Amino acid sequence: MNPKELGTYAKNTWCPGCGNFSILNSMRTVLTELDNEGVPLEKVVLVSGIGCHAKIVDYLNVNSFYSIHGRTLPVATSIKLANPDLEVICFSGDGDSLAEGLDHLIFAAKRNIDLTFILHNNRVYGLTTGQYTPTSPKGFKGKSTPMGTLELPMNPPELMLASGATYIARGYTHGIDLLKRLFKEAILHRGFSFVDVLQVCVSYFNMYETYNKWVYELKDNNSSSYEEAHKIIKSWNYNDSELPIPLGKFYEVDAPRFDQEFPGYDIKSMDRDVMIGEILDNFI
Amino acid sequence: MDSFSTLIGGIAGDGINEAGVTVGRLFSHLGYRIHMYYDYPSLIRGGHNFSIVRASNKKIGAYKDMMDVIIALNQDTIEKHKHRLKEDSFVIYDSDRIRIDGQKTKSCGLPISQILKDEDAPPIMRNSCIIGGLCRVAGIRWQILEMVMKKHIPKQIELNLRVAQRGYESAVESFKIDKLDYPIYPILTGNQAIGLGLIKAGIKAYIAYPMTPSSSLLDFMARNASNFGLSVVHPENEIAVMLMAQGFAYAGQKAAVGTSGGGFCLMTEGLSMAGMAELPVVILMGQRTGPSTGLPTYTAQGDLHFVLNAGQGEFPRFVVSPGDAEEAYYWAGMALNMAWKYQIPAIILADKSVCEGLYSFCPKDADELQEETPAFWNGNGKYNRYMYSETGVSPLAFPPTKGQVVKVDSYAHDEYGITTEDPKITSSMNDKRFAKERAMTSYLENFETVKIYGSGKIALLTWGSNKGACIEVAKKFGLTVIHVLVLSPFPAKKLIEALKSIERVIDVECNSTGQLARLAACHDVKINEKILKYDGRPFSIEDLDVKLSEVIA
């Protein structure tokens with residue numbers, strides 16, 4: 001298979017230069033590679049929320065569930081529980097999963113359920129034309145905060161580390177080779193994989209220059225160490241624009257998974273009527 | 001004697017619900033049909049809990065205010081329920097704790113504290129002791145109690161039996177409950193019946209966040225998960241619950257959820273998605289007294305229009321409101337079948353009375369329920385999840401389907417499942433969804449979606465848990481009862497047919513505005529009077545009798 005076959009007839013409506021194109025192209029390549037390496041495409045299910053990020057499911061000719069704002073993870077969780085053989089990949093925005101659906105994100109990490117979660121972190125609401133999000137820097141002047149926001153941004157990888165995610169990484173839409181590598185690792189990792197993608201929004205929060213100046217790729221870090229991962233994650237707080245921004249895999253460990261421990265009762269020769277009769281007898 | 005009523009009261013933590021169930025089982029073993037109403041405040045220890053167990057030789061679904069026996073585990077029970085005593089009522093009480101001076105009724109005091117002390121038994125066994133006393137007083141053979149206790153008490157059965165026997169021996173036989181020559185039926189709550197109906201119709205997953213009065217269905221499903229291969233999930237909130245159900249449906253597993261009004265509020269965005277994405281889901285919506293937190297452990301029928309209209313946009317839905325355990329069983333299964341047949345949300349609109357009320361369950365009274373097979377894709381050509389069809393139903397396929405892509409979408413979408421803003425597709429997809437409603441409406445003509453009981457020129461129009469009280473009281477007054485079971489799509493044709501020879505319609509509901517009356521009025525049904533109750537308690541027989549006498553007079 002070739003990545004081009006993964007396209008659909010849907011007209012792409014992202015702004016020219018949008019960081020989402022890199023995520024789409026990386027994912028196309030990775031899914032093609034995986035298909036050639038024995039993870040057949042029909043076993044892949046893509047789940048999205050609502051926002052610019054979510055259009056990606058219309059642009060990939062792969063099984064998909066185009067869900068509602070903030071609700072990517074409950075849908076993905078139950079698809080995985082219903083059929084653990086499926087490879088479930090979530091796409092979500094920073095407003096989507098850090099504001100509207102934060103509870104689901106923390107719980108998915110807490111369960112360490114075997115899902116891949118890609119955060120299209122553009123740090124601004126795009127489709128609603130430019131409001132601050134949970135990862136916008138303090139003082140961000142958006143349409144709802146013309147005088148600048150009064151709150152500090154969240155650090156999503158830090159939140160994920162504390163919540164129990166077992167694969168945490170950060171990529172940047174201006175570095176497609178790294179993105180591809182991280183996406184593939186995240187998909188192949190068994191457990192909750194979280195990839196924070198610094199995605200540039202050319203229309204409302206263009207961070208190309210800042211990111212280009214400050215990002216660097218981690219080398220030889222010990223990703224099995226919680227303390228080291230924590231230190232790397234804390235080295236940039238999404239607020240200061242004059243600090244180096246680490247990219248790469250921060251953390252990866254093995255831990256018990258919800259989907260693995262979830263009792264999948266495989267009752268093949270069940271006589272339902274006999275069992276119902278027994279239950280009714282017990283109510284006498 | 002048309003029926004025999006027993007009240008058992010104590011504090012929360014005394015096991016009053018379980019004690020009531022035990023009393024119900026005793027009567028059940030004597031051949032009676034049972035109804036139990038359980039009244040409890042929203043707390044864990046203390047307060048005042050009571051169960052009213054009514055036994056009859058006929059099918060019943062309501063309680064009476066006046067008691068034949070009051071079993072008191074504390075003084076409160078006597079003080080709060082004195083007005084329920086008749087001249088020939090009997091009081092059984094803990095004589096170590098309770099004074100009943102000044103009560104003229106016949107009574108029997110048992111030295112329960114002393115017995116528990118002698119036997120070194122924990123306080124929870126007070127109810128075993130007093131039920132032992134009840135058996136002796138009412139001439140119920142010891143062997144029946146022994147059998148019931150052995151079957152249903154999992155812990156310390158020997159000690160429980162000893163304590164019960166001491167209670168039995170301390171009492172004196174004062175009257176005799178006749179044994180009837182009827183079969184012994186299982187007694188179960190509406191929620192348990194709903195669980196069995198869903199299981200019978202092939203449920204694979206149950207997802208819920210605890211909320212009274214739906215929580216006991218979550219308990220039931222979790223306990224039976226291994227027996228029936230169910231996935232039972234209790235996630236972070238009702239928003240997740242509703243979305244998870246649809247993930248299960250997307251992957252091909254039949255799922256249901258349960259909640260009450262507050263949780264249902266959180267589910268509405270997901271409900272609307274189920275409408276747009278055409279994903280089947282069953283929702284048990286157990287009403288309680290609102291608005292807001294209201295009376296969490298009491299009943300109401302205040303959410304009919306909420307449920308009929310919940311969720312943004314227009315989409316078809318199936319709504320059914322069962323009136324007793326047999327209907328709960330049958331229509332819960334039917335709701336699952338309807339959800340999958342038409343790929344829509346199906347709501348079981350129950351209330352605390354049905355959810356937590358106890359009924360004798362007669363399998364013969366329930367209609368035959370089968371698991372239906374939904375429309376599956378035949379595998380020819382390219383799969384289109386939202387393919388147009390005459391009935392609006394698109395055949396189902398689930399991932400993984402080799403060589404095919406299954407796309408569902410909460411946006412307006414085309415047949416393949418790709419987002420669109422095209423005006424033609426937008427309206428034709430809307431028409432497709434409403435074609436399903438038309439197909440469902442005509443399919444439902446084969447079912448008793450409106451039930452008629454009795455005959456008479458005056459009719460009581462009602463729904464849900466009022467069924468039992470209405471049927472019983474209507475009989476006395478020679479009235480017809482019209483019980484509307486399916487509320488969406490509204491069975492207007494059947495209702496109008498049922499009203500053909502009716503001259504006067506009296507609407508009976510547990511809400512303050514007459515929500516069914518309002519719905520019926522949309523279909524040109526004229527309501528003459530309304531009897532409305534909204535104090536959190538269901539209609540008792542006397543309640544309805546008095547109110548009906550006033551209206552008819």
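A residue counts as buried if 20 or more other C-beta atoms lie within 10 Å of its own, with C-beta atoms placed from the backbone. By that criterion, 50% of the 284 residues of chain A are buried in this predicted model.

**Figure 1. Overall form of chain A.** Chain A is made up of 11 helices and eight strands, and its C-alpha atoms fill a box of roughly 70 × 40 × 40 Å along the principal axes. For 284 residues, a compact globule would have a radius of gyration near 19 Å, and the 20 Å of chain A agrees with this. Among the contacts in chain A with a separation of 6 or more, 71% are accounted for by residues 24 or more positions apart.

Figure 2. Tyr251(A) is placed in strand 8, which covers residues 245-252 of chain A. This residue is buried because 24 other C-beta atoms lie within 10 Å, a count to be set against the threshold of 20 or more. Leaving aside neighbours within four places in sequence, Tyr251(A) is in contact with Leu161(A), Tyr167(A), Ile168(A), Ser223(A) and Ala229(A). Asp271(A) stands 20 residues from Tyr251(A) along the chain, and the C-alpha atoms of the two are separated by 47 Å.

**Figure 3. The side of chain B that touches chain A.** The contact between the chains brings together 43 residues of chain B and 40 residues of chain A. On the chain B side, the elements that give two or more residues are strand 7 (187-189), helix 7 (190-200), helix 8 (215-228), helix 9 (238-250), helix 10 (261-277) and strand 15 (407-409). Of these, helix 9 of chain B gives the most, with eight residues. Sorted by class, the residues on this side of chain B divide into 24 nonpolar, 13 polar and six charged.

**Figure 4. Strand pairing between the two chains.** Strand 2 of chain A, residues 63-66, pairs with strand 15 of chain B in the parallel sense over three bridges. Within this pairing, Phe65(A) has Val408(B) of strand 15 as its bridge partner. Strand 15 of chain B is also among the elements that give two or more residues to the side of chain B that touches chain A.

Figure 5. Not counting residues up to four places away in sequence, Val320(B) touches Trp331(B), Met334(B), Ala335(B), Ile348(B), Leu349(B), Leu485(B), Val486(B) and Leu487(B).

**Figure 6. The contact between domain 2 and domain 3 of chain B.** Chain B is divided into domain 1 (3-170), domain 2 (187-365) and domain 3 (450-552). The C-alpha centres of domain 2 and domain 3 of chain B lie 25 Å apart, and the contact takes 23 residues from domain 2 and 20 residues from domain 3. On the domain 2 side, at least two residues each are supplied by helix 11 (304-309), strand 12 (318-320), helix 12, strand 13 (345-351) and helix 13 (352-356) of chain B. That side of domain 2 has 11 nonpolar, eight polar and four charged residues.

Figure 7. Most residues other than glycine have a negative phi, and most peptide bonds are trans. The peptide bond from Pro399(B) to Pro400(B) is cis, with omega near -5°, and Pro400(B) is placed in the loop between strand 14 (358-360) and strand 15 of chain B. A cis peptide bond also joins Ser488(B) and Pro489(B), with omega about -5°; Pro489(B) lies in the loop between strand 19 (486-488) and helix 16 (492-498) of chain B. Gln156(B), which is not a glycine, has a positive phi of about 50°, and its place is in the loop between helix 5 (142-152) and helix 6 (157-170) of chain B. Gln156(B) is partly exposed, with 15 other C-beta atoms within 10 Å. Asp524(B), another residue other than glycine, has a positive phi near 65° and lies in the loop between helix 17 (515-521) and strand 21 (529-532) of chain B. With 8 C-beta neighbours inside 10 Å, Asp524(B) counts as exposed.

Technical notes:
Residues numbered from 1 in each chain as written. Chains lettered and ligands numbered in written order. Predicted model: local features only at pLDDT ≥ 70, side-chain atom pairs only at ≥ 80, totals over all residues. Contact = placed C-beta atoms within 7 Å. Helix = DSSP H or I, 4+ residues; strand = E, 2+ residues; numbered from the N terminus. Nonpolar A, V, L, I, M, F, W, Y, C, P; charged D, E, K, R; others polar. Pairing = 2+ DSSP bridges. Rg over C-alpha atoms; globule rule 2.2 N^0.38 Å. Buried ≥ 20, exposed ≤ 12 C-beta atoms within 10 Å, placed from the backbone. Domains from an automatic or database assignment.
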